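Here are my notes on this one, roughly in the order I'd look at things. Have it open while you read.

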Amino acid sequence: YDGTPVTGFLNKFSEYYFKCEKCSIVFLNPTLPDDELYVYYDEFSYEKLAIIKSFDTHFNNLKRETVSTYNNYLAVSNEVNSLRKDSEVLDLGGGSGDYCVYLRNNYPSFKISLFDYRINENVKEELDNREIKAKNHDFLNENILANKYDLISTWEVIEHIPIPKLKSFFIKIRKALRPEGIYVLSTPDFSNIYTQALGFWAAYPGEHLSVFSRESLEPILNSCGLYIFKETHECVTLDLPNTW
């Protein structure tokens, strides 16, 4: 698969992750300095965009077999359905824009934006054609407009954020949401035994700076004014074993 070439998959001799007995967060140690983490996100690690010969074909064929987080999109469909028709939506760390296109296909009146550190120019053009605003944005250090969004999403993002920056990140999200706004996220769940043994988190040592469970994540969210009202689980490595 397209795991990082620097460290590869963990093996039985690897000792990179440790669990805090106080807060239950599983954390990577040692880690690269924040200003050097970019080395994990080069073209050698993330060359999937290069194999997409037609973004139009890809975006018109979004499904579980082509998008690993597709079931996560479906899991919050009832909540998204409850939003007003002209809702403002922001996908943070959205990469190739799959969720934004999914929303555009299903909610044509939504005003949709994508922020990421580095957005492929071809992707940006394709999203623009679908009236999706894609912006290169350092959302950990740059401001996000306050009280603007009805929905903010981060799919497989928070495990890449340095732990000392998590709280300020969640506070920023809370401020950016409207009073009844919704924040949806997906991240590997370390409370599951299968996840501990062979989960998505272990495929990307170096990139994945932490691994959460509800026990470890909920107190951080609550301290930032965010509260969990729904939790679902799925496992792409079990559902699609031949592709993993």
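1. Start with the open sheet: three strands in the order β1-β2-β8, paired antiparallel. Its edges are β1 (17–19) and β8 (210–211), each pairing on one side only. Strands here are DSSP E runs of at least two residues and helices are H or I runs of at least four, numbered from the N terminus; two strands pair if DSSP finds at least two bridges between them. β1 and β2 (residues 26–28) are joined by three bridges in the antiparallel sense, and K19 has V26 of β2 as its bridge partner.

2. A word on the basis: this is a predicted model, with local features needing pLDDT of at least 70 and side-chain atom pairs pLDDT 80 or more, while totals for chains, interfaces and linings use all residues. Numbering runs from 1 along each chain as its sequence is written, and side-chain values use heavy atoms, leaving out hydrogens and water.

3. Now the aromatics. Rings of Phe, Tyr and Trp (its six-membered ring) pair if their centres lie within 6.5 Å; planes under 30 degrees apart are stacked, over 60 edge-to-face, the rest tilted. That rule gives 14 aromatic pairs. Y107 and F110 are stacked, at 4.8 Å between centres and 10 degrees between planes. Y107 is buried at 14% relative accessible area, and F110 is buried at 4% (buried is under 20%, exposed over 50%, partly exposed in between; 1.4 Å probe, protein chains only).

4. Which parts does the Y117 and F139 pair tie together? Its centres are 5.1 Å apart and its planes at 50 degrees, so it counts as tilted. Y117 is in the loop between β4 (111–116) and α6 (121–129), and F139 in the loop between β5 (132–136) and β6 (149–155), so the pair ties together parts 22 residues apart in sequence. Y117 is partly exposed at 43%, whereas F139 is buried at 3%.

5. Also worth a look: ring pairs link Y70, Y73, Y99, Y102 and W155 into a cluster.

6. Finally, K63. You'll find K63 in the loop between α2 (55–59) and α3 (70–75), partly exposed at 34% relative accessibility. K63 and D98 are 35 residues apart in sequence, with their C-alpha atoms 10.0 Å apart in space.
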